[in-house]
Amino acid sequence: MKFLILIAILGAAATISAQDITTLEKIGPVVSLQRTDKGVTLNCHDNSQVQISILASDLIRVRASFTKPIPTRDHSWAIAKEDWATPRWTLNETSDSISITTDELEITIRRSPLLIEFRDARTHQLINADEQPMSYDAGGRLANMLFDPKAGMFVAASKKLGFDEHFYGLGEKAARLDKRRSSFVNWNSDTPGYTEGKDPIYQTIPFYIGLQRGVAYGIFFDNSYRSYFDFGKSSQQRAWFGAEGGELNYYFCYGPSIKKILGRYADLTGHMPLPPLWALGNQQSRWSYYPDSMVEEVVSEYRKRDLPLDVVYLDIDYMNGYRVFTFDKQRFPDPKALTEKLGRQGVKVVTIVDPGIKYPPDKNERYHAFDQGLEKNFFQRRRNGDLFVPRVWPGESVFVDYTLPDARRWWGDLHRVYIDNGIAGIWNDMNEPSDFVDQTGKNQLDVVSYDEGEKTTHAKNRNTFALLMSRSTYEGLERLRPDRRPYVITRAAYAGIQRYATMWTGDTNSTWESLALTLPMFTSLGLSGEPFVGSDVGGFIGRGNGELLVRSYQVSFLAPFCRNHKVIDGYDQEPWRFGKHYEDIIRKYLKLRYTLLPFLYTTLEEAHRSGVPLFRPLVLNYQDDPSTYNLDDQFMVGDDLLVAPILKPDVTKRLVYLPAGTWYDYWTNKKYSGGTMISVDAPLDVVPMFVRGGAIVPVGPSVNYIGEKPVDPITFNIYPDDAGSASATLYEDDGLSPAYKTGAFRRTSFSVRRGQRGLVVSTGVPEGTYNPGPRKFNFVVKPLGSVVSIVDDGKAKQVQLK
Ligand code: MIG
């Protein structure tokens, strides 16, 4: 017993506190400065340099190099855009300070001590200020608390904590929406069965948004080392962040709106490309469906039961002994025939691909992925030159060094076997990377990656491993099938992942707590640049029940990624497994999802273009309303739908917060005035759902898979506000090819106003070159139920509504 306690103490990772940060060496003071076109470089007394670059009038980069000049090498796997057109700015120097002013920001740098402050250039209101100078652990004070003391020097920045400041983002954390008074570590980890508070889990997105009295800013600390974020947990004075090596390099972005910050973050780290439209379809998975006949059975069950389905997954057992890029000959003798057969029923197949390549147990065994990778020297090696041999599903394995451009290309090209067999997308799992020998990463510390010639170790490369693996996969699919949008789903990630992959939240539990946690996780991911999120519907580990499964679908039927998945030894949970009563309710929600596809796809395209996610916390739409700041048991889809799911068993009533404005109950059309809490009934077949007054929600025909029928008619459900107005846009494209990137889409705007003879709807001249052909538009004034139909021929129109 005593021994166990000792182990527990030794095993617990030391937590670095705000107090520790105060003991570090501080940068500065400033002795001189150089002005460049893009900003200023400050030279400090301690030989440190600080570079302040003005990327846009609301986007500033701060880069510090401690006790040495800023290195010329400047590389990040996360950054998508470097060619910023410097906006106009001015520099002012006094004996105490230096100030840089853009149209939006005023950045004041005190010379001694070196403190940086950001203000609104127009109102001079303080947005964010250093609490102490940027700091570094030259003396190794924190060495015994670090995970890898040899990785580099601990660096940190500390900001004043606002009395009313709230914190959002930080990617995938098993935590609530508002991160105030919490602290986190980033170190991608395989954490099956995680519960609220478990940290770190799979992903690292070192980006957060601070919001104080309606004014928001964003900070992206682009450092892939093990990093720390403390939003006032260990001190009431400071919110600090730091990392066990690398540069103190962050981007400061000013709103004041959160939406604007998300746009900037997307410009900086990349916009999510549109996935194929079928990725919004319903998906079914299991560890594992095999042989092929069982996969067919699952699909035919769906069809027989009139349940919508677009995608089915093959988990690790489709392979020959877990060898990636192979199929088991007995279980899947003819994968191409299988995908063709399912394709005729409107179902796509996605296969899992793990990073571990089986290390052949004997020298005579030929396995192309291993042989080629070894010959080309693409596998990760330890510092002493030995191959790094982790243990994963295939047993002893090797990992690819995805920092090598040739290795990325080779990995991408290996996917030809999937494309040739009609596989529609790739699911990347285990890419933290998980290693059964040691999940902490300690056993990998001396693994070296090429890293653009820098030959860096695991301390820097762990958190970007999945980003580069997904990138290799995405780019491979793009090359192999240039006329199709790649579809990649990943478990682990680093900032920038949205350019290559969608995500799911890993190994959840089939519990109510786990279901409740998915809401703040989805919305936080959306506030971190990852719009395409979802989690195993019904939960992954354990035994669920019909009620939990139904309530789980009542969340996920509006999540971008809607996939039921289950662990190998878990209780079956396909929609029909708990009986007809539950199946009927699940059918109702899946059908509703499919009719809402025109709305969902329009909102997804907005996420692609603007960086603003579709699955939103209320604070994103109502950041001036403090009642939304920690509200995370409700969500919105786009600007218009508000959903308040039931997240506990045996509950059939709940309180719902409606922000200011007019709202309509989706089911009854009953009208409410917002700015208040209401109590609503929610029997098992009802998820409380409201539509914003002023919205027009486009819906399509009921289908069981995407493409089953033409999207005709499109019905526009109009929910007027108190002035009788409403507006919306509808986005459409071919749903499959990358042609939308070069203008092959149609965006049509609709607006409703009150005329002399009642409501009038105007359709705008559509934008874009995609032509869906003539089809019928129905306009329904929801609260009245009146319908007017027209034939849409792509011309602007005015239609009198009854
Ligand atoms: O060690 O491929 O999160 O979705 O079913 C477990 C088997 C490996 C973890 C994934 C899960 C998947 C499972 N995988």
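In the predicted model, the ligand is surrounded by 13 residues, of which the closest are Asp-315, Asp-429, Arg-491, Asp-507 and His-565. For Asp-315, an N or O atom of the side chain is 2.5 Å from a ligand oxygen atom. Asp-507 likewise places a polar side-chain atom 2.5 Å from an oxygen atom of the ligand. At Trp-393, the distance between a polar side-chain atom and a ligand oxygen atom is 3.0 Å.

The confidence of the prediction was examined along the chain. The protein has a mean pLDDT of 97, and 98% of its residues reach 70 or more. Residues 6-12 are a stretch over which pLDDT stays under 50. For residues 6-12 the model has zero contacts beyond four places in sequence. Where pLDDT is low, predicted coordinates should not be read in detail.

Several pairs of packed helices were then considered. Two packed helices are described by the angle between their axes and by the distance between those axes. Helix 4, spanning residues 292-304, and helix 5, spanning residues 335-344, have axes that come within 11 Å and cross at roughly 5°. Because angles under 35 degrees count as roughly parallel, helix 4 and helix 5 are roughly parallel to each other. Helix 4 contributes Asp-292, Val-295, Glu-296 and Val-299 to the contact, and helix 5 contributes Leu-338, Lys-341 and Leu-342. The contact of helix 4 with helix 5 comprises four nonpolar and three charged residues, with no polar residues.

Helix 11 (residues 512-526) and helix 12 (residues 546-556) form another such pair, with axes that come within 10 Å and a crossing angle of roughly 5°. Helix 11 and helix 12 are therefore also roughly parallel to each other. On the side of helix 11, the residues in contact are Trp-512, Leu-515, Thr-518, Leu-519 and Phe-522. These meet Glu-547, Leu-548, Arg-551, Ser-552, Val-555 and Ser-556 of helix 12. Six nonpolar, three polar and two charged residues make up the contact of helix 11 with helix 12.

The axes of helix 13 (residues 580-595) and helix 14 (residues 597-610) lie 5 Å apart, and the two helices pack at an angle of about 60°. This angle makes helix 13 oblique to helix 14. Arg-593, Tyr-594 and Thr-595 of helix 13 make the contact with Leu-597, Pro-598 and Leu-600 of helix 14. By class, the residues of the contact between helix 13 and helix 14 are four nonpolar, one polar and one charged.

Backbone geometry was also inspected in the loops. Ser-112 and Pro-113 are joined by a cis peptide bond with omega of about -10°. Pro-113 belongs to the loop between strand 8 (105-110) and strand 9 (115-120). A cis peptide bond also links Asp-712 to Pro-713, with omega of about 0°. The loop containing Pro-713 runs between strand 43 (695-699) and strand 44 (714-719). Arg-181, although not a glycine, has a positive phi of about 65°. Arg-181 is located in the loop between strand 12 (166-169) and strand 13 (183-186).

Terms used. Residues are numbered from 1 along each chain as its sequence is written. This is a predicted model: local features need pLDDT of at least 70, side-chain atom pairs count only at pLDDT 80 or more; totals for chains, interfaces and linings use all residues. Side-chain values use heavy atoms; hydrogens and water are left out. Axes are lines fitted to C-alpha atoms, for helices over the stretch in contact, and angles run from 0 to 180 degrees between N-to-C directions. Helices (H or I, at least four residues) and strands (E, at least two) are DSSP runs, numbered from the N terminus. Angles under 35 degrees count as roughly parallel, over 145 as roughly antiparallel, 65 to 115 as roughly perpendicular and the rest as oblique. Contact means heavy atoms within 4.5 Å. Ala, Val, Leu, Ile, Met, Phe, Trp, Tyr, Cys and Pro count as nonpolar, Asp, Glu, Lys and Arg as charged, and the others, Gly among them, as polar. pLDDT is the predictor's confidence in each residue, from 0 to 100. A residue is near a molecule or strand if one of its heavy atoms lies within 4 Å of it. A polar contact is a pair of N or O atoms within 3.5 Å; within protein, one must be able to donate a hydrogen and the other to accept it, and residues adjacent in sequence count only if both atoms are side-chain atoms.
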